[in-house]
Amino acid sequence: PADIPILVIGYGIPETSPPPSTPHVEGQNLLWFGGLWDWMDPFTPIAAMRHLKDKGSDAKLIFYGSQRGNWSKPSGTALRAHELAHNLGLLNQSVRFEKGWVPYAERGSILSRADLGVITYPISAETQLAHRIRLFEYIWAGKPVIMTEGDPLSSWVTQNNIGKTVPALNSEALAETVIELAKT
């Protein structure tokens with residue numbers, strides 16, 4: 001009925017830009033901002049870092065929020081991601097895991113230090129319905145996004161020139177896209 005009031009509630013990001021941050025280390029810094037949940041794919045970006053390192057890149061991939069509140073019980077995905085980075089010789093070099101959650105008031109500073117935001121996942125029913133707040137955090141910080149193609153949000157990213165999309169589970173395509181975005 002027309003007489004029901006509609007209340008608009010803000011979601012996700014503030015209207016003001018994040019505060020400027022201290023300079024980051026030289027090289028391309030990719031940021032994974034948010035948890036390492038079982039429906040996400042941190043493995044493709046980690047493997048992409050191996051491709052980048054083999055090409056002489058000094059890019060860094062930093063995972064923030066890589067634990068669920070209690071590191072004594074990390075997700076299986078977090079454990080496997082850590083193991084993959086170790087096995088590829090990238091752990092604490094090209095790939096770093098920051099274990100704790102970032103305090104809300106500090107997230108803008110961390111986002112500001114990144115060059116690119118990364119969001120990868122296998123295509124599933126979840127990806128068709130997901131509303132990824134990490135995407136909007138990257139947009140808030142003015143960072144280009146690289147994300148998996150094939151769902152409504154990735155189409156929106158492409159249509160609005162917010163970043164680039166890559167095929168699911170394709171570490172070589174992800175590495176090439178990082179190189180491409182580094183040139184812009």
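This is a predicted model: local features need pLDDT of at least 70, side-chain atom pairs count only at pLDDT 80 or more; totals for chains, interfaces and linings use all residues.
1. Turning from the surface to the interior, buried residues make up 43% of the 184 residues in the chain.

2. The protein chain holds 7 helices and 6 strands, and, read from the N terminus on, these elements follow the order β-α-β-α-β-α-β-α-α-β-α-β-α. Of the contacts with a separation of 6 or more, 74% are accounted for by residues 24 or more positions apart.

3. The next points concern charged pairs. Side chains of opposite charge can pair when their charged atoms come close. A search of the whole structure finds 6 salt bridges, and one of them joins Arg 107 to Glu 137, with the closest N and O atoms 3.1 Å apart. This pair links distant parts of the chain, since Arg 107 belongs to helix H3 (residues 107–113) and Glu 137 to helix H5 (residues 133–140), 30 residues apart.

4. Are the two partners buried or partly exposed? Glu 126 counts as partly exposed, at 29% relative accessibility, whereas Arg 132 is buried, with a relative accessible area of 7%.

5. The side chains of Glu 180 and Lys 164 meet in another salt bridge, at 3.3 Å from N to O. Glu 180 lies in helix H7 (residues 171–182) and Lys 164 in strand S6 (residues 163–166), so this pair ties together parts of the chain that are 16 residues apart in sequence. Here Glu 180 counts as partly exposed at 38% relative accessibility, and Lys 164 is partly exposed as well, with a relative accessible area of 32%.

6. Leu 116 deserves a paragraph of its own. The residue lies in strand S4 (residues 116–119) and counts as buried, because its relative accessibility is 2%, which is under 20%. Which residues is Leu 116 in contact with, leaving aside its neighbours within four places in sequence? They are Gln 28, Asn 29, Leu 30, Leu 31, Pro 144, Ile 146, Val 178 and Leu 181.

7. The last point concerns a pair of helices. Two packed helices are described by the angle between their axes and the distance between the axes. For helix H1 (residues 43–54) and H7, the axes come within 8 Å and cross at roughly 65°, and the crossing is right-handed. On the side of H1, the contact is made by Thr 44, Pro 45, Ala 47, Ala 48, His 51 and Leu 52, and on the side of H7 by Ser 171, Glu 172, Leu 174, Ala 175, Val 178 and Ile 179. Sorted by class, the contact of H1 with H7 has 8 nonpolar, 3 polar and 1 charged residues. Val 178, one of the H7 residues in this contact, is also among the residues in contact with Leu 116.

Key
Residues are numbered from 1 along each chain as its sequence is written. Side-chain values use heavy atoms; hydrogens and water are left out. A salt bridge is a side-chain nitrogen of Lys or Arg within 4 Å of a carboxyl oxygen of Asp or Glu. Helices (H or I, at least four residues) and strands (E, at least two) are DSSP runs, numbered from the N terminus. Buried means under 20% relative accessible area, exposed over 50%, partly exposed in between (1.4 Å probe, protein chains only). Contact means heavy atoms within 4.5 Å. Axes are lines fitted to C-alpha atoms, for helices over the stretch in contact, and angles run from 0 to 180 degrees between N-to-C directions. A crossing is left-handed if the near helix is turned anticlockwise from the far one by less than a right angle, and right-handed if clockwise. Ala, Val, Leu, Ile, Met, Phe, Trp, Tyr, Cys and Pro count as nonpolar, Asp, Glu, Lys and Arg as charged, and the others, Gly among them, as polar.
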